[in-house]
Amino acid sequence: MNSRGIRSQLKDSVPVAGWNPHASYGVQDSLRAGFTSVKNELLPSHPLELSETNFQVNKDKMNFSTLRNIQGLHAPLKLQMEYRAARQIQRLPFLQSSNLALDTLRGGDETIGFEDILNDPAMSEVMGEPHMMVEYKLGLM
């Protein structure tokens, strides 16, 4: 028997059309390729679904371009720096962050939306051991 491994034997062999060791018999090899997700392969069910998922990004781009045309280049850059600073403010890892500063900058604190009523952090399923979560975030575990 050859002392070289199977991988080197497969590399030296001549490829056969239609034969793939990773997907023999038309079934995906989950050990090598991982699990498949049907959600990743689905297309949006409605043309507006893609627009709705990117609504805040599109709104910010439109506001930045309008601000640039009216006030110059410094205004959108200043606003982007404020957004970035507000995004970095977080609570401890085991507590739900409300992002109140970012919400105030975007003007969302003056409106009541779907997420304000049905997104109660007290009903959240994400709760863990506080000490373990902080140690994991700091890289101690």
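1. Asp 60 counts as buried, because its relative accessibility of 9% falls under the 20% cut-off for that class. The residue sits in helix H5. The model is a predicted one, and the comments that follow should be read accordingly.

2. Which residues does Asp 60 contact, once neighbours within four places in sequence are left aside? The contacts are with Tyr 83 and Arg 106. With Arg 106, the side chain of Asp 60 forms a salt bridge, at an N to O distance of 3.1 Å. Since Arg 106 belongs to helix H7 and Asp 60 to helix H5, this pair ties together parts of the chain that are 46 residues apart in sequence. Arg 106 itself counts as partly exposed, at 27% relative accessibility, whereas Asp 60 counts as buried at 9%.

3. The salt-bridge count comes to two.

4. Asn 63 counts as partly exposed because its relative accessibility is 35%. Its C-alpha atom is separated by 8.3 Å from that of Pro 76, a residue 13 positions away along the chain.

5. Where on the chain does negative charge gather at the surface? A patch of negative charge is formed by Asp 103, Asp 109, Glu 110, Glu 115 and Asp 116. One of these residues, Asp 109, is placed in the loop that joins helix H7 (100-106) to helix H8 (114-118). At 41% relative accessibility, Asp 109 counts as partly exposed.

6. Ile 117 is located in helix H8. With a relative accessibility of 63%, Ile 117 counts as exposed, since the class begins over 50%.

7. Turning to the chain as a whole, how many helices and strands does the model contain? There are nine helices and zero strands. Read from the N terminus, the order of elements is therefore α-α-α-α-α-α-α-α-α.

8. Two further values describe burial and surface. Of the 141 residues in the chain, 7% count as buried. The accessible surface amounts to about 13,000 Å², and carbon and sulfur atoms account for 59% of that area.

9. The last point concerns contacts across the sequence. Among contacts in the chain with a separation of 6 or more, 22% are between residues 24 or more positions apart. The salt bridge between Arg 106 and Asp 60 ties together parts 46 residues apart in sequence.

Note on methods
Residues numbered from 1 in each chain as written. Predicted model: local features only at pLDDT ≥ 70, side-chain atom pairs only at ≥ 80, totals over all residues. Heavy atoms only, no water. Patch = residues over 30% accessible without salt bridge, like charges linked within 9 Å, V, L, I, M, F, W, Y side chains within 5 Å. Areas by Shrake-Rupley, 256 points an atom, 1.4 Å probe, with all protein chains shown as cover. Salt bridge = Lys/Arg side-chain N within 4 Å of Asp/Glu carboxyl O. Lys, Arg positive; Asp, Glu negative; His and termini not counted. Charge placed at Lys NZ, Arg CZ, Asp CG, Glu CD. Helix = DSSP H or I, 4+ residues; strand = E, 2+ residues; numbered from the N terminus. Buried < 20%, exposed > 50% of the residue type's maximum accessible area, 1.4 Å probe, protein only. Contact = heavy atoms within 4.5 Å.
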